[in-house]
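Please look over the chain shown below. The questions that follow go from the whole fold to single elements.

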Amino acid sequence: MKKDFITIADLNKKQINDILLLAADIKKRPEDFREVLKAKTLALIFEKPSNRTYVSFQVGMYQLGGNSIYLGPEHIKLGVRETIADVAKTLSRYVNAIVLRTFAHKNVVDMAQHAGVPVINGLSDLLHPCQGLTDIFTVKEKTGRYKNMTMAYIGDGNNVCHSLLHSCSKVGLNLHIATPFGYEPDPGIVKQSRIFAKDSGSIIELFTSPQKAVRGTDVIYTDVWASMGQEEEAAKRKKIFAEFQINQSLLKLAKKNVFIMHCLPAHRGDEITDGVINSKNSVVFDQAENRLHVQKAILIKLLT
């Protein structure tokens with residue numbers, strides 16, 4: 001049966017651990033994996049701009065001995081020039097896997113339904129699973145554990161927040177989420193994650209106060225206040241989220257050696273200050289690098 005990577009919710013704890021252990025091995029010994037995907041080709045269908053996702057998948061596929069093809073918005077025009085089903089069926093005759101970075105989450109689901117090769121969710125408006133796995137990989141790399149650890153996510157209840165809910169609740173990492181009223185994460189994903197948390201021992205709490213959310217935490221995480229496709233709301237959101245900035249004042253409420261995370265791109269001076277993102281507590285660029293290793297592990301798991 002064909003395997004896809006659409007959401008972390010589909011993975012059990014062993015599958016997650018296997019991916020993360022493989023990613024750690026790849027990071028330590030990249031030379032041992034140079035021909036694992038020799039002669040395999042990955043299609044990158046991107047309807048949204050990208051830096052980390054595009055580069056890390058393209059470089060990752062090359063480093064594993066394979067090839068990648070970029071198909072931007074001007075190439076395919078999903079659902080306009082051609083149906084998703086037709087694109088999926090056609091590409092499945094040419095390539096070994098597809099990464100889709102899109103707006104509507106249904107596009108990823110439909111692509112996976114009709115493709116004869118594995119489909120990877122490179123980001124949708126609902127989820128960002130490659131980021132979510134990378135985030136818990138980075139936490140484990142820096143701290144060595146998940147148990148008795150708490151991450152505070154401060155900002156918008158967006159796709160990154162949703163995948164953090166899935167990843168943290170699966171491995172037993174406590175998660176505090178602070179959002180302004182009306183910008184909470186999807187209730188269905190919160191409910192689903194709390195079910196996962198019962199099995200892992202994770203504690204998930206929602207706040208409207210960033211100060212309460214970060215108190216005594218081990219990791220503080222943030223993301224942009226207005227995601228791609230929400231540019232018209234940027235000015236309005238800037239006012240609403242003003243009290244949710246990650247700054248030195250907020251850091252004082254967390255543990256002394258708290259780690260700072262951000263999935264990037266960062267709007268410095270909005271959701272996070274220069275002083276914080278450039279501080280010794282920041283692991284933001286280690287986190288960015290780890291997208292490469294985790295995604296290489298995902299590709300290997302799907303294609304071998």
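Q: What percentage of the contacts in the protein chain with a separation of 6 or more comes from residues 24 or more positions apart?
A: This is a predicted model, in which local features need pLDDT of at least 70, side-chain atom pairs count only at pLDDT 80 or more, and totals for chains, interfaces and linings use all residues. Residues are numbered from 1 along each chain as its sequence is written, and side-chain values use heavy atoms, with hydrogens and water left out. Contact means heavy atoms within 4.5 Å. Among contacts in the protein chain with a separation of 6 or more, the share from residues 24 or more positions apart is 75%.

Q: How many helices and strands does the protein chain have?
A: Helices (H or I, at least four residues) and strands (E, at least two) are DSSP runs, numbered from the N terminus. By that assignment the protein chain has 12 helices and 9 strands.

Q: What percentage of the 304 residues of the protein chain counts as buried?
A: Buried means under 20% relative accessible area, exposed over 50%, and partly exposed in between, with a 1.4 Å probe and protein chains only. Of the 304 residues in the protein chain, the buried share is 57%.

Q: Which residue caps the N-terminal end of α6?
A: Helix α6 covers residues 159–171, and the loop between β5 (150–154) and α6 holds Asn 158. A side-chain oxygen lies 3.2 Å from the backbone nitrogen of Val 160, and the capping residue is Asn 158.

Q: Why does Asn 158 count as buried, and which side chains make polar contacts with its side chain?
A: Asn 158 counts as buried because its relative accessibility is 6%. A polar contact is a pair of N or O atoms within 3.5 Å; within protein, one must be able to donate a hydrogen and the other to accept it, and residues adjacent in sequence count only if both atoms are side-chain atoms. The side chain of Asn 158 makes such contacts at 3.1 Å with that of Tyr 153 and at 2.9 Å with that of Asp 223.

Q: How many of the 13 residues of α6 are buried?
A: Helix α6 is mostly covered. Gly 172, with a positive phi near 95 degrees, follows α6. The buried count for α6 is 13 of 13.

Q: On which residue is the kink in α12 centred?
A: Helix α12 spans residues 284–303, and 16 of its 20 residues are buried. The bend at a residue is the angle between axes fitted to the seven residues ending there and the seven starting there. The kink in α12 is about 25 degrees and is centred on Asn 290.

Note on methods: The expected span of a helix is 1.5 Å times one less than its number of residues.
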